[in-house]
Amino acid sequence: MEEKKTKRCFIAIDLPDNIKRELCRIQEALPKINKKNVEKENLHLTLKFLGDVSGEMLEKIKESLSKIKLKRFIALLKEIGFFPNEKFIRIIWAGLGDLNSDKDLFSLQKVVEESLKNLVPRDEKEWMPHITVTRVKNIPKNKKEDFIKKIKEIIPKQESFEVKQIKLKQSTLTEKGSIYEDLLVVELE
């Protein structure tokens, strides 16, 4: 019996160069500890992580996403933070918002979630618009307080961009990191 091939997929907003440059500046401003910065070409905002998807399901997902009708909007960098908490930092992120009190960004994510409701499980956790900037491997105890202080001092430039499209992407994990490939581009109106 032949095993069905699956693809590791997610739905995202790609970021323009001005935002990526600012995120790289933030990466450089972080204290030197055991961490791995997300490569410039891989910086994005995830709207929904799908995980491993079969070819048949992928076609249904593409069909549903193709029907999304939403207006373009302006998004901007807001703040820097970390997950899950100060005691155990694993992710440094940049918050993303929009000029409409974040209503446009949350509406877009809800429309994506709703369009896939009969195909993939809903996310259990509440969605928060963020861009993973750095993955922290460990912070020596004697450097943690200083590390947290420096993160809180980093203020992103108020860079903005027009959200014109969303993308269904495939993520291939390699020894050198993730390689992303666009499977579908949905243009916003």
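Two strands are taken to pair here if DSSP finds at least two bridges between them, and in this predicted model strand β4 (residues 73-85) and strand β5 (residues 88-98) are joined by nine bridges, the two running antiparallel. Within that pairing, Leu76 has Gly97 of β5 standing opposite.

The pair belongs to an open sheet of five strands, arranged in the order β2-β6-β5-β4-β7 with antiparallel pairing. Because β2 (34-37) and β7 (160-163) stand at the edges and each has a single partner strand, one side of each is left without a neighbour in the sheet. Direction ignored, neighbouring strands of this sheet are turned against each other by 30 degrees on average.

Two helices can be followed from here. Helix α1 (residues 17-29) lies across β2, β4, β5, β6 (130-138) and β7, and runs at about 25 degrees to β6. Helix α3 (residues 103-115) also packs on the sheet, where α3 touches β4, β5 and β7, and its direction makes about 110 degrees with that of β5.

Which residues of α2 are buried? They are Leu58, Ile61, Ser64 and Leu65, and because these residues cover an arc of only 125 degrees around the axis, they are placed on the same side of α2. The partners against which the buried residues of α2 pack are β1 (6-14), β3 (44-54), α3, β8 (165-174) and β9 (177-187), so that helix α3, which touches β4, β5 and β7 of the sheet, is also one of the elements packed against by α2.

Notes: Residues numbered from 1 in each chain as written. Predicted model: local features only at pLDDT ≥ 70, side-chain atom pairs only at ≥ 80, totals over all residues. Heavy atoms only, no water. Helix = DSSP H or I, 4+ residues; strand = E, 2+ residues; numbered from the N terminus. Axes fitted to C-alpha atoms, helices over the stretch in contact; angles between N-to-C directions. Contact = heavy atoms within 4.5 Å. Buried < 20%, exposed > 50% of the residue type's maximum accessible area, 1.4 Å probe, protein only. Arc of directions from axis to C-beta.
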